[in-house]
Amino acid sequence: QIPRIAHFVITDSSTRYFDWTCYVAVMAARNHVKPTQIMMHVLEGATPKGPWYEALLQLEEFVVVPFSARDIPSTLNGVTVTHPAHMSDFRRMQMLLEHGGLYFD
């Protein structure tokens, strides 16, 4: 059975402000999947700011899971992994292997 854990990953603070659409994505997962935990995996230095993120922090099942770039493999087949989207890909696989659950983007 798949654990009812919803996962999200943030790896790039410069992509955009954590706006209402990000909030709606998390709340949609919460309301439709009804997870026991919502885990927001946040790369060191990429912690979101703003009222929509602050609202999520108030949810009982919302857990922030910080991680470091050192937690991600630095190379794949001789190619250096530095792009935030590629780091997110690695983190996604790590968290699903470790915790199980569902990944949302």
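Which strands does α3 lie across, and at about what angle to β1 does α3 run? Helix α3 lies across β1, β2, β3 and β6, running at about 155° to β1. Helices (H or I, at least four residues) and strands (E, at least two) are DSSP runs, numbered from the N terminus. Angles run from 0 to 180 degrees between N-to-C directions, with axes fitted as lines to C-alpha atoms, for helices over the stretch in contact.

A word on the model: it is predicted, so local features need pLDDT of at least 70 and side-chain atom pairs pLDDT 80 or more, while totals for chains, interfaces and linings use all residues. Residues are numbered from 1 along each chain as its sequence is written, and side-chain values use heavy atoms, leaving out hydrogens and water.

Now to the sheet. Its four strands form an open, parallel arrangement in the order β3-β2-β1-β6, where strands pair if DSSP finds at least two bridges between them. At the edges sit β3 and β6 (102-103), each pairing on one side only. Helix α1 packs on this sheet, touching β1 (5-10), β2 and β6, a contact being heavy atoms within 4.5 Å.

Let's finish with the two salt bridges, each a side-chain nitrogen of Lys or Arg within 4 Å of a carboxyl oxygen of Asp or Glu. In one, Glu 61 meets Arg 30, with the closest N and O atoms 2.5 Å apart. This pair links distant parts of the chain, 31 residues apart: Arg 30 is in α1 and Glu 61 in the loop between α2 and β3. The other joins Arg 92 to Asp 89 at 3.1 Å, N to O; these residues are separated by about one helical turn because they lie three residues apart in α3 (residues 84-99).
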